[in-house]
Amino acid sequence: MFLLCVNAKKSSSLITEWRIERRVEEQFKAFTEGFHDLIPSDLITVFDERELELLIGGIADIDVDDWKKHTDYRGYTETDEVIANFWKCVRSWDGEQKSRLLQFTTGTSRIPVNGFKDLQGSDGPRRFTIEKAGEPGQLPKSHTWLVSSSPQTSSCA
């Protein structure tokens with residue numbers, strides 16, 4: 001039985017390695033070389049993947065009204081003070097701050113072509129969700145696999 005378990009773990013590991021790394025290794029190498037022909041690696045190593053996405057993709061013009069219209073609430077209602085403060089804060093931010101919030105909560109700084117109604121989670125279409133979680137003094141939480149955010153009851157300065 002132990003031998004089967006070890007073999008299953010090794011097989012699983014090898015399959016995962018093939019699917020994620022080896023299967024696209026040649027294409028990824030060609031992409032990387034071409035990318036570095038355009039932008040030398042020493043110029044981009046100072047950025048993490050999120051910053052690089054913003055640099056390459058640019059900062060989207062985020063329609064906060066569309067975002068709010070396609071948001072669900074769990075443990076809150078749209079009229080709760082914390083929700084009103086959340087949207088007030090978001091509206092006061094510049095494009096980069098909005099993009100960073102979107103990236104923090106969804107894993108990407110870009111909105112779909114058709115707006116927030118077509119937002120995708122890791123398992124398909126998913127609405128942006130603000131969920132009550134934790135204690136009021138805790139920091140916000142983000143669940144990118146659910147496309148949700150959990151603000152705490154504090155106001156925006």
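Student: Is Phe47 buried, exposed or partly exposed?
Tutor: This is a predicted model, where local features need pLDDT of at least 70, side-chain atom pairs count only at pLDDT 80 or more, and totals for chains, interfaces and linings use all residues. Residues are numbered from 1 along each chain as its sequence is written, and side-chain values use heavy atoms, leaving out hydrogens and water. Buried means under 20% relative accessible area, exposed over 50%, and partly exposed in between (1.4 Å probe, protein chains only). Phe47 has 34%, so it's partly exposed. You'll find Phe47 in the loop between helix H3 (41-44) and helix H4 (49-57).

Student: And where does Thr106 lie, and what does its side chain reach?
Tutor: Thr106 lies in helix H7. Its relative accessible area is 11%, so Thr106 is buried. The Thr106 side chain reaches the backbone oxygen of Leu102 at 2.6 Å.

Student: Which residues have the most contacts inside the largest nonpolar core?
Tutor: In soluble globular proteins, nonpolar side chains tend to be buried together. A nonpolar core is a set of buried Ala, Val, Leu, Ile, Met, Phe, Trp, Tyr and Cys residues joined through side-chain atoms within 4.5 Å. Here the largest one has 17 residues, and Trp67, Ile83, Trp87, Val90 and Ile130 have the most contacts inside it. H6 (81-92) is among the elements that each supply at least two residues, and H6 gives the most, with 5.

Student: What is Trp87 in contact with, leaving aside its neighbours within four places in sequence?
Tutor: Contact means heavy atoms within 4.5 Å. For Trp87, the list is Val64, Trp67, Lys68, Thr71, Tyr73 and Ile130.

How values were computed: Helices (H or I, at least four residues) and strands (E, at least two) are DSSP runs, numbered from the N terminus. A polar contact is a pair of N or O atoms within 3.5 Å; within protein, one must be able to donate a hydrogen and the other to accept it, and residues adjacent in sequence count only if both atoms are side-chain atoms.
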